[in-house]
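Here is a short briefing on one protein model. Look over the sequence and the structure, then read the points by topic.

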Amino acid sequence: MPFLNQTVGMQQFNTSLQNLRGHFDFIIDTVSADHDLNEFLRLLDRDGSLIIVGAPPAPMQVKVFSLIGKK
């Protein structure tokens with residue numbers, strides 16, 4: 001049953017992220033591994049800043065329309 005609890009936890013986490021769209025003035029990203037920047041961009045408020053510390057092994061993909069549909 002631990003898998004079921006983890007799945008429910010992730011669903012709650014994703015719902016929380018959707019409720020926080022457009023609420024942050026800045027985000028400091030210290031993860032140097034490959035990960036999705038688009039979710040972070042959606043959390044930023046208008047004129048917010050994403051500060052990236054560290055370089056991933058390959059170029060990161062950013063979708064052009066990541067900020068559309070905020071709030």
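**Briefing**

I51 sits in strand β2, which spans residues 44-52. Helices (H or I, at least four residues) and strands (E, at least two) are DSSP runs, numbered from the N terminus. This is a predicted model, where local features need pLDDT of at least 70, side-chain atom pairs count only at pLDDT 80 or more, and totals for chains, interfaces and linings use all residues. Residues are numbered from 1 along each chain as its sequence is written, and side-chain values use heavy atoms, with hydrogens and water left out.

**Overall layout**

- The protein has two helices and two strands. Along the sequence they follow the pattern α-β-α-β.
- Of the 71 residues, 18% count as buried. Buried means under 20% relative accessible area, exposed over 50%, and partly exposed in between (1.4 Å probe, protein chains only).
- Accessible areas come from the Shrake-Rupley method with a 1.4 Å probe; for residues, only the protein chains shown count as cover.
- Take the contacts between residues at least 6 apart in sequence: 40% of them join residues at least 24 apart. Contact means heavy atoms within 4.5 Å.

**Strands and crossover**

- Strand β1 covers residues 24-29 and pairs with β2 in the parallel sense, over five bridges. Two strands pair if DSSP finds at least two bridges between them.
- F26 stands opposite S49 in β2. I27 has L50 of β2 as its bridge partner.
- β1, α2 and β2 make a right-handed β-α-β unit. Right-handed means that, with the strands pointing away from the viewer, the path from the first strand over the helix to the second runs clockwise.
- D47 lies in strand β2. Its phi is near 65 degrees, a positive value in a residue other than glycine. Most residues other than glycine have a negative phi. D47 is exposed, because its relative accessible area is 76%.

**Helix α2**

- N38 is found in helix α2, residues 37-43. Is N38 buried or exposed? N38 is buried, because its relative accessible area is 4%.
- N38 and M60 are 22 residues apart in sequence and 10.0 Å apart in space, C-alpha to C-alpha.
- How many salt bridges does a search of the whole structure find? The search finds one. A salt bridge is a side-chain nitrogen of Lys or Arg within 4 Å of a carboxyl oxygen of Asp or Glu.
- E39 forms a salt bridge with R42, and the closest N and O atoms are 2.7 Å apart. Both residues lie in helix α2, three residues apart, or about one turn of the helix.
- E39 is partly exposed, because its relative accessible area is 35%. R42 counts as buried, because its relative accessibility is 17%.

**Surface patch**

- F26, I28, I51 and V53 form a nonpolar patch on the surface, with about 370 Å² of accessible area together. Patches are made of residues with over 30% relative accessible area and no salt bridge; like charges are joined within 9 Å, nonpolar side chains (Val, Leu, Ile, Met, Phe, Trp, Tyr) within 5 Å.
- I51 counts as partly exposed, because its relative accessibility is 38%.
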